[in-house]
Amino acid sequence: MIIVLKPATTEEQLNKFTNMLKDSYGVKVNKWDGVQSTVLGLIGDTTRVDIEYIDAQSIVESVKRVQEPYKKANRKFHPDDSKIKVTDSVTIGGGSLHIMAGPCSVESEQQIVQIAKDVKQSGATLLRGGAFKPRTSPYAFQGLKAEGLDLLKTARKETGLPIVTEIMRASHIDMFENVDIIQVGARNMQNFELLKELGKIDKPILLKRGLSATIEEWLMSAEYIMAGGNDKVILCERGIRTYETFTRNTLDVSAIPIIKKLSHLPVVVDPSHAAGKSWLVEPLAMAAVAAGADGLIIEVHNDPPHALSDGAQSLTPKQFDAVAKKVFALKSALDTEV
Ligand SMILES: [Mn+2]
């Protein structure tokens, strides 16, 4: 339920009203302060709330029930875009464009440090790299695990790039304490126990869309994290499963404006896993930025044919440089649009 308060509402009236809502109905009250008005979002069982009584209060401008099952992720509860601060220099959402780039898997110190330097040179502002790898086959390379995390930290030290890497299980959260953005992969999007644990920490979470997840299911997974108190959720569209087999997945470009309409959370797009083919990364990246994405996450490898995972979709540093140039040029053209 959403309650919009009149602009003249005083702090004292607001507190009294909020306490009444909590005490009478046992709901949580989420407050959003806008320039013109204050919006209260009621979370919990609102079936007992007397909507006519609320509407009759002198400080209430309007009140309406929210049909969607996601509340904290809902734009109605938070009309402005969320800006997720990662470091002093990197904030995702709110109009900026950030590129996270790096290899599918961290393979060695030399590999990750060199790629980090290269992608930074091309304008990437975050370094991606998998240490724990969820692979379709149990016989495929499973990642360097804890050693991979250490190598990512070495690359961060060398370049200053914040790091984003995937977590596979809740018992690893302590190990990820010094990671800048924790990624939840597509296969874990509905691992609700993991999501609940990530809701208890104060760190940005990159939540990838599940292979066959609807937009509402994806937002409900974000809600799981936010319900626990962690509002720092960044959504990542990475392609969905369709009948098409030419591409690894089908990039759902329409999800970007739909998420923007339904939610205030930033959206990052992964053209690499959507395409599965390196030559498709550039057009899909351009489409994503044109559709309003807040960022891109792109796989870059120094030697794609010999990559331990996802070589076919990885760009070389030189190819990445060309893609980044085009993407930033497109972004500035969009920003100067009248
Ligand atoms: Mn990959």
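Me: How exposed is Lys145, by relative accessibility?
Reply: The model is predicted. Lys145 sits in the loop between β8 (126-128) and α4 (146-159). Buried means under 20% and exposed means over 50%. Lys145 counts as partly exposed because its relative accessibility is 39%.

Me: What is the phi of Lys145 near?
Reply: Most residues other than glycine have a negative phi. Lys145 is a residue other than glycine with a positive value, and its phi is near 60°.

Me: Which loop holds Asp310, and what is its phi near?
Reply: Asp310 lies in the loop between β14 and α10. Asp310 is also a ligand, coordinating the manganese ion through OD. Its phi is positive in a residue other than glycine, near 55°.

Me: Which residues coordinate the manganese ion, and at what distances?
Reply: In sequence the donor residues follow the spacing C-x168-H-x25-E-x10-D. The donor atoms are SG of Cys104, NE2 of His273, OE of Glu299 and OD of Asp310, at 2.0 to 2.4 Å.

Me: How many residues apart in sequence are the parts that His273 and Glu299 tie together?
Reply: Both residues coordinate the manganese ion. His273 belongs to helix α8 (residues 271-275) and Glu299 to strand β14 (residues 295-299), so the pair ties together parts whose separation in sequence is 26 residues.

Me: Are His273, Glu299 and Cys104 buried or exposed?
Reply: The cut-off for buried is under 20% relative accessible area. His273 has 9% relative accessibility, and Glu299 has a relative accessible area of 1%. Cys104 is at 3%.

Me: Which residues of β3 lie on each side, and are they buried or exposed?
Reply: In a regular strand the side chains alternate between the two faces of the sheet. In strand β3 (residues 38-43), 6 of 6 residues are buried. Thr38, Leu40 and Leu42 are on one side, Val39, Gly41 and Ile43 are on the other, and all are buried.

Me: How many bridges join β3 to β1 and to β2?
Reply: Strand β1 (residues 2-5) runs antiparallel to β3, and Val4 stands opposite Val39. Strand β2 (residues 28-33) also pairs with β3 in the antiparallel sense, with Asn30 and Gly41 as bridge partners, and the two form a hairpin with 4 residues between them. The counts are 3 bridges for β1 and 6 bridges for β2.

Me: Which residues are closest to the centre of the largest pocket?
Reply: The largest pocket holds about 290 Å³ of space. Its lining of 22 residues has Lys133, Pro134, Arg187, Arg248 and His273 closest to the centre.

Me: What classes of residue line the largest pocket?
Reply: Strand β9 (residues 163-167) gives the largest share of the lining, 3 residues. By class, the lining has 5 nonpolar, 8 polar and 9 charged residues.

Me: What distance separates the C-alpha atoms of Leu334 and Val233?
Reply: Leu334 is part of helix α10 (residues 317-335) and is partly exposed, at 30% relative accessibility. Leu334 and Val233 are 101 residues apart along the chain, and their C-alpha atoms are separated by 25 Å.

Terms used
Residues are numbered from 1 along each chain as its sequence is written. This is a predicted model: local features need pLDDT of at least 70, side-chain atom pairs count only at pLDDT 80 or more; totals for chains, interfaces and linings use all residues. Side-chain values use heavy atoms; hydrogens and water are left out. Donors are N, O and S atoms within 2.8 Å of the metal (3.2 Å for Na, K and Ca); water is not among the atoms, so sites may look incomplete. Buried means under 20% relative accessible area, exposed over 50%, partly exposed in between (1.4 Å probe, protein chains only). Two strands pair if DSSP finds at least two bridges between them. On a 1 Å grid over the protein atoms alone, a cavity is a set of points where a 1.4 Å probe fits but cannot get out, and a pocket is an open set with protein on both sides within 12 Å along at least five of seven lines; lining residues have an atom within 4 Å of a point. Grid points are joined across faces, edges and corners, and a volume is the space filled by probe spheres set on the points. Ala, Val, Leu, Ile, Met, Phe, Trp, Tyr, Cys and Pro count as nonpolar, Asp, Glu, Lys and Arg as charged, and the others, Gly among them, as polar.
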